Every structure is written in structure tokens, then in C-alpha cells.
Amino acid sequence: MPEAIEKVAMQVSVNGKRYSLRVEPRTLLVEMLREQLDLTGTHVGCDTTYCGACTVLLNGAAVKSCTVLAVQADGGEITTVEGLEQNGQLHPIQKAFGDAYGLQCGYCTPGIMLSALQLLSKNRQPSEREMRKAIAGNTCRCTGYQNIFKAIQLAARNMRGA
Ligand code: FES
Ligand code: FES
């Protein structure tokens with residue numbers, strides 16, 4: 001019978017809520033989010049760190065959660081797509097993706113919105129080049145990206161109150 005892998009204790013804040021968890025050292029951050037915390041808005045679209053569907057913010061930085069061990073987030077703050085909406089109000093980025101038709105199937109959308117949030121939290125007037133760089137790690141197989149850029153620009157306008 002195979003030996004059980006010893007779990008380690010960790011603490012993490014996800015979308016403003018603190019969790020004390022026990023995880024196997026090999027558990028990926030995306031597995032912890034989806035399987036232990038039931039936050040299934042963070043998607044898995046590949047097994048090669050390519051697609052970016054799993055993007056979340058870890059301490060404000062966009063990371064591919066399929067490529068980070070859960071224990072590497074110990075003591076950290078994570079934002080997933082479920083944390084964007086506040087008090088029943090869509091975040092301006094979520095609203096803009098709807099208004100500007102920035103999604104089709106939506107599989108890539110949570111990850112792209114988190115990459116956009118990282119950009120817009122530092123830069124409310126991004127150029128097209130800056131937007132392209134911000135979502136360079138996110139693959140969309142449906143939209144052709146043009147409406148994604150329109151959505152990020154619209155969110156930026158709304159976030160600076162223009
Ligand atoms: S699931 Fe594709 S990069 Fe993480
Ligand atoms: S909207 Fe379908 S993959 Fe981006």
C-alpha cells in the first residue's frame with residue numbers, strides 16, 4: 001500500500017477571507033482553490049503553463065496558479081475572479097467585458113480579467129502595447145482579442161471616472 005503523503009499546514013487569505021488549510025506539498029495553487037475552497041471560476045486550460053486560464057493575483061501580482069505550489073502562497077493574499085464582485089455589484093472590469101463583448105465562450109475570461117486588474121491597478125490609461133503586454137500570458141481561442149482590448153480600455157475609463 002502506498003505511503004500517505006504528509007500534509008502541511010498553511011494559511012492564506014482569499015478574496016479577503018482567511019483560511020487555515022492542510023495541503024500536500026505537491027498540491028498546486030489552482031487545485032487548492034478549485035478543490036478545497038470550491039472556487040471554480042479559476043480555470044485549467046492546459047498542462048503546459050501556456051493558456052493563462054488559471055491566472056489569479058497573488059499579493060497583487062498575476063500568477064498562473066497551475067504553476068505555483070499552494071504552499072508557496074502560505075501567508076499570502078489571493079484574488080480570484082469570485083473576489084471581483086463586491087456587495088452584489090460587478091467590478092468595472094467585469095461590467096466592461098460584458099458591455100464591450102470582450103468574451104465569447106468565457107473560458108479564458110476570469111484569467112484575462114485578473115491580468116487586466118493587475119494592469120489597471122497601476123495604470124488607468126494603458127496604451128495598446130501595455131494592454132498586449134499585460135495579457136501576453138493569456139490565450140483566448142475565440143475573440144481575436146480586439147473586443148478584449150476594447151473592454152480593458154472601457155474598464156480603464158470607468159475606473160478613472162472619465
Ligand atoms: S492552466 Fe494553462 S497556464 Fe495554467
Ligand atoms: S472567450 Fe473563449 S477562449 Fe476566450
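1. Let's start at Glu130, which is partly exposed because its relative accessible area is 36% (buried means under 20%, exposed over 50%, and partly exposed in between, with a 1.4 Å probe and protein chains only). Glu130 sits in helix H4, residues 128-134 (helices are DSSP runs of H or I with at least four residues, strands are runs of E with at least two, and both are numbered from the N terminus).

2. A word on what you're looking at: this is a predicted model, where local features need pLDDT of at least 70 and side-chain atom pairs count only at pLDDT 80 or more, while totals for chains, interfaces and linings use all residues. Residues are numbered from 1 along each chain as its sequence is written, chains are lettered from A and ligands numbered from 1 in the order in which they are written, and side-chain values use heavy atoms, with hydrogens and water left out.

3. Back to Glu130 and its surroundings. Its side chain reaches the backbone nitrogen of Ser127 at 2.8 Å. Setting aside neighbours within four places in sequence, Glu130 is in contact with Leu119, Asn123 and Gln125 (contact means heavy atoms within 4.5 Å). Leu119 is 11 residues away along the chain, and the two C-alpha atoms are separated by 8.2 Å.

4. Now compare His43, in the loop between helix H1 (29-36) and strand S3 (55-58). His43 counts as buried because its relative accessible area is 16%. Not counting residues up to four places away in sequence, His43 touches Val30, Arg34, Ala53, Cys54, Gly106, Tyr107 and Pro110.

5. Over to the strands. S1 (residues 8-14) and S2 (residues 17-23) pair in the antiparallel sense over seven bridges (two strands pair if DSSP finds at least two bridges between them). Gln11 has Ser20 in S2 as its bridge partner. Two residues lie between the strands of this hairpin, and Asn15 takes a positive phi near 55° there. S1 also runs parallel to S5 (residues 77-79), joined by two bridges, with Ser13 opposite Glu77.

6. Finally, the whole chain. There are five helices and five strands, in the order β-β-α-β-β-β-α-α-α-α. The radius of gyration is 16 Å, close to the 15 Å that the globule rule gives for 162 residues, so the chain is as compact as a globular protein of that length (the radius is taken over C-alpha atoms, and the rule is 2.2 Å times the number of residues to the power 0.38). Of the 162 residues, 47% count as buried.

Terms used: Polar contact = N/O pair within 3.5 Å; in protein donor to acceptor, adjacent residues only side chain to side chain.
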